[in-house]
Amino acid sequence: MNLNKPLLPGHTIGIIGGGQLGKMMAQSAKEMGFRVGIFDPVKDCPAAQVADWHLQAEYTDVEALKKFAERCQVLTYEFENVDVDALTKIENLVAIPQGTDLLAITQDRLMEKSFLEANNIVIAPYSTIVSPTDIQDAIDGIGFPCVLKTTRGGYDGKGQFVLYSSSDLASSMNLLRQGTCVLEAWIPFEKEISVVVSGNGQGDITIFPVVENIHRENILHETIAPARISGEIAEEAQRIAKIIAECVNLSGTLAVEMFVTNAGSIYVNELAPRPHNTGHYTMEACSISQFDAHIRGICSWPLPKEVKLLSNAVMVNIIGEEVYETMDIISDKPDWHFHYYGKAEAKAGRKMGHITILTEDIFETLEDIYQTNIWD
């Protein structure tokens, strides 16, 4: 079931997933005059705190999903591990503009790589690993270092293991016990970058600025906008993102994560078929946010031809062990934009919020963040 005309304010958007991305989607939808329902198993989840109503059920509960769908005109999702089979069972009840094809592709690393290769997008050399005997043959072709990844379920560095030498092989076997894996060549990258792109399924595609990402222990730490790369590399990164968006007739927002080498080569690392942590800076720094673009896109509203970067910016994540320290500096930082997600428990490594800092001097701002002694 698809939208054949723009969804009007007053109708209901259903969001599957109640985390921070769902919360920020809901806030954008409410500003545009929509009603919002949340489907999530957790009571008082972040998105439910700003929505009109919350259906509390497990994501695999198809009957609950059907009840949810019947109360909505459009469904979207905030994370890519939604049950594709469950969604296909409710497609006749409600519009799902993002569809399930892109979701299925991004849930399986092998499918994702096949999709990118088929569309002539450069990715790291890889091999499919089904049994332990496949690894040595693959390493002979790929070499060390390399990365073994599960085909499904990995995020924030989970579900992967870096092999630096043959002595790491035994330790990597734990991943293979989870099922088929992918062995990728390690790309000696200079920078990690990403591009957020949005579409409305009607041919409008909006491409956001290229940003630079810094990770700590496989969790995003900082995003720098714009990325400190040449104009030529930035144009090529945006061109790649646009090709991918066109290939899937994109509705909503998609993030494309990439590596850039010293020689200026770009390798696509992975796709995320929804708003993304690296796009949070857009809320303050751009002429439209990734969340507004997502809601406009899934509702078949027109999208701007160009996104303007209104100010350079640095976004820094707040994870569990940092949340209270950041609250202590609120009174000292009147120009910083503090966002807290409303999660009940501050666990180590858990994303609890973010801060966006608009700046005229990125280096000075990075130093200012460092001098707080919160992020050592």
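**View 1. Asp-52 pairs with Lys-30 in a salt bridge, the closest N and O atoms lying 2.9 Å apart.** A salt bridge here means a side-chain nitrogen of Lys or Arg within 4 Å of a carboxyl oxygen of Asp or Glu. Asp-52 sits in the loop between β2 (35–39) and β3 (53–55) and Lys-30 in helix α1 (residues 20–31), so the pair ties together parts 22 residues apart in sequence. Helices (H or I, at least four residues) and strands (E, at least two) are DSSP runs, numbered from the N terminus. The model is predicted: local features need pLDDT of at least 70, side-chain atom pairs count only at pLDDT 80 or more, and totals for chains, interfaces and linings use all residues. Residues are numbered from 1 along each chain as its sequence is written, and side-chain values use heavy atoms, with hydrogens and water left out.

**View 2. Arg-274 forms a salt bridge with Glu-80, with 2.8 Å between the closest N and O atoms.** This pair links distant parts of the chain, 194 residues apart. Arg-274 is in the loop between β14 (266–272) and α9 (282–285). Glu-80 is in the loop between β4 (74–77) and α3 (84–88). Arg-274 is buried at 13% relative accessibility (buried is under 20% relative accessible area, exposed over 50%, partly exposed in between; 1.4 Å probe, protein chains only). Glu-80 is buried too, at 16%.

**View 3. Lys-333 forms a salt bridge with Asp-368, the closest N and O atoms being 3.1 Å apart.** Lys-333 lies in the loop between α11 (323–328) and β16 (336–340), and Asp-368 in helix α12 (residues 362–371). Lys-333 is buried at 16% relative accessibility; Asp-368 is partly exposed at 30%.
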